[in-house]
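Hi,

Here is the structure I said I would pass on.

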Amino acid sequence: MKTFEELGVDARLRKAIEELGFDNPMPVQEAVIPVLLGGKGDVVALAQTGTGKTAAFGLPVLQQIDTSLDAPQALILSPTRELCLQIGSDLADFSKYIPKIKVLPVYGGSSIESQIKALKAGVQIIVATPGRLIDLINRGVVKLDAVRTVVLDEADEMLNMGFIDSVNEILAKVPEERQMLMFSATMPPEISRIANKQMREPMEIVIGTKNEGAANVRHIYYMVNARDKYPALKRIADNSPNIYAIIFCRTRNDTREIADKLIQDGYNADALHGDLSQQQRDIVMKKFRDRVISLLVATDVAARGLDVDDLTHVINYGLPDDPAVYTHRSGRTGRAGKTGTSVAIIHSRERGKLREIERIIGKKFERRDVPTPEHIIEKQLFNLADRIERVKVDEEQIMKYIDAISRKLEWLSEIDLLKRVFSLEFNRLLEYYRDAPTIENIDPDRSKKERKEKKEKTKPTDEGKNRRTAAKGMARIYVNAGKGDGFYAGNLIEMLNALVPGRRVDVGRIDLMQRYSLFDVKKSDAGRVVAALKGADFYGKRLYSEVADPEKDYERASRRKAGADNADDQLETVADYFRNRQQRGLKKGGRRRPR
């Protein structure tokens with residue numbers, strides 16, 4: 001392994017980074033720094049977040065700045081405000097002993113007047129988000145004629161966020177005689193096209209394998225029923241006493257709901273999503289970076305560009321549709337040579353996504369059972385014992401009070417004292433897990449024979465009746481739409497999310513028949529669900545819903561239009577049928593409804 005000196009890094013820069021704890025170059029730095037310092041052409045570098053990319057391009061950029069020229073000589077584009085600020089802060093730290101270098105982050109959500117004032121005073125390096133930079137260019141404040149180096153950081157994220165047209169517009173303002181570096185965690189075809197269009201025979205540097213997950217990250221999954229995902233999340237968090245994690249959710253509503261539940265259940269958590277103002281977002285991020293909160297619940301969009309060190313876990317509350325998104329999520333832990341864990345909490349229908357992600361990242365997920373209450377409590381108790389053993393004791397200060405404390409507690413035996421110390425910490429946990437329900441762990445790898453046997457046991461004897469009674473603590477709901485209406489599980493979940501007021505409804509088993517459907521929800525949610533679905537419209541079909549009766553013949557009942565209490569509305573006449581078909585724009589023979 002080479003040293004920074006052998007790579008050609010200036011002594012002033014080396015002094016600064018040594019004070020920051022940089023001992024030896026990381027692989028991406030060892031590969032990129034000599035190329036940039038040697039001016040050997042354009043570079044496409046494929047590396048995960050947290051591998052030392054900022055120093056890889058930042059040190060050469062700083063070293064090549066002409067401090068006698070107060071004009072932008074290097075341009076660094078980043079997809080988000082947070083990443084822009086982080087890069088600017090790192091470059092300022094690196095250039096601590098080169099005081100004449102001026103670095104300016106420019107981004108939306110901050111005063112453009114102050115940025116204009118700083119630009120007019122003269123800067124040599126601009127770190128920018130594309131939108132704000134174009135605004136400044138259009139105002140005539142930024143001139144890029146003297147730019148010799150352009151860096152695109154997290155190019156795949158800029159593509160995902162729709163910035164590529166803006167990037168092309170900015171590059172058209174930069175001299176053609178420039179050196180260009182593009183960093184990306186993944187290499188989708190669109191990134192290759194940008195490289196071919198904007199770069200001249202770029203050298204490709206790959207740290208690890210293309211689209212591969214970070215080397216220091218373990219990938220674990222828990223497969224549970226959909227209704228058990230939130231209890232499983234809590235147990236995973238409780239089983240990691242020193243957890244510091246981002247929990248990724250698919251939607252803003254999920255993010256808000258999960259964060260609210262965690263807060264109500266006593267966890268140090270908060271949410272980060274697109275509905276927050278920039279000020280609210282900054283407050284949440286400051287609390288997370290300062291460890292005031294240890295669980296940050298976020299959407300992928302809101303978390304783009306976040307740069308947080310020492311995450312112990314990334315938790316996927318369900319898998320993303322795009323495997324590349326999973327690569328970005330998991331790359332936020334296991335950084336700078338440290339280990340991390342990427343956890344996926346999934347249900348059986350997400351098994352296919354899991355296999356696709358395994359293929360892309362070149363790693364297998366480890367299946368785990370959700371920790372039991374006994375295991376969690378034991379782990380938490382041992383963690384407290386470990387903290388007691390390792391706590392730093394100020395003998396001089398504490399001895400002033402020991403005699404008084406000893407007299408106060410002398411009636412307690414050693415075991416009584418331990419009981420009280422541990423109870424102070426764990427009464428809430430003990431109370432919560434005293435009557436905790438069992439979480440069923442689903443093993444997708446059990447033999448086909450076992451799956452077939454279980455299927456035979458639950459196979460209905462009469463499809464005209466309820467296929468099974470509701471699970472314990474659940475209610476079975478009937479709705480008069482089924483596969484013949486193009487009504488599938490996704491349609492049901494979408495309607496419940498849109499129509500049921502209040503907290504989100506957790507759905508258990510779903511049975512889709514040709515003319516109707518049956519599904520499980522918590523008993524406490526049954527009234528809200530039935531009220532919301534009754535009278536709702538599904539592509540022209542008026543829905544009816546009720547708490548299912550196991551003895552009722554729903555096959556026969558679903559042949560009627562059971563959409564009202566009025567007897568005149570119980571049956572749809574032939575005339576009504578054809579009039580409704582005409583209103584829905586259906587031709588003779590009909591068409592398939594959207595699935």
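Glu257 and Lys261 are both buried, where buried means under 20% relative accessible area, exposed over 50% and partly exposed in between (1.4 Å probe, protein chains only). The two form a salt bridge, with the closest N and O atoms 3.4 Å apart; the criterion is a side-chain nitrogen of Lys or Arg within 4 Å of a carboxyl oxygen of Asp or Glu. They sit four residues apart in helix H11 (residues 252–264), so about one helical turn separates them. Helices (H or I, at least four residues) and strands (E, at least two) are DSSP runs, numbered from the N terminus.

Before you go further, note that this is a predicted model: local features need pLDDT of at least 70, side-chain atom pairs count only at pLDDT 80 or more, and totals for chains, interfaces and linings use all residues. Residues are numbered from 1 along each chain as its sequence is written, and side-chain values use heavy atoms, with hydrogens and water left out.

Back to the charges. Searching the whole structure gives 36 salt bridges. One of them pairs Lys229 with Glu350 at 4.0 Å, N to O. Lys229 belongs to helix H10 (residues 229–238), while Glu350 is in the loop between strand S13 (340–346) and helix H15 (351–361), so this pair ties together parts that are 121 residues apart in sequence. Lys229 and Glu350 are both buried.

Arg368 and Glu366 also meet through their side chains, in a salt bridge of 2.9 Å, N to O.

Now for the surface. A nonpolar patch there is formed by Ile388, Val391, Val393, Ile398, Met399, Tyr401, Ile405, Leu409, Trp411, Leu417 and Val421, with about 1000 Å² of accessible area together. Patches take residues with over 30% relative accessible area and no salt bridge, joining like charges within 9 Å and nonpolar side chains (Val, Leu, Ile, Met, Phe, Trp, Tyr) within 5 Å. Areas are from the Shrake-Rupley method with a 1.4 Å probe, and for residues only the protein chains shown count as cover. Which helix gives the most to the nonpolar patch? That is H17, with five residues. Ile405 is found in H17, and at 42% relative accessibility Ile405 counts as partly exposed.

Thr149, in strand S5 (residues 149–152), is buried at 11% relative accessibility. Leaving aside neighbours within four places in sequence, Thr149 is in contact (heavy atoms within 4.5 Å) with Val61, Gln64, Gln73, Ala74, Leu75 and Gln179. In helix H6 (residues 130–138), the buried residues are Pro130, Arg132, Leu133, Ile134, Leu136 and Ile137. H6 is followed by Gly140, with a positive phi near 75°.

Finally, the overall numbers. The protein chain has 23 helices and 20 strands, and 48% of its 595 residues count as buried. Among its contacts with a separation of 6 or more, 74% involve residues 24 or more positions apart. Its accessible surface is about 30500 Å², 49% of which belongs to carbon and sulfur atoms.

Cheers
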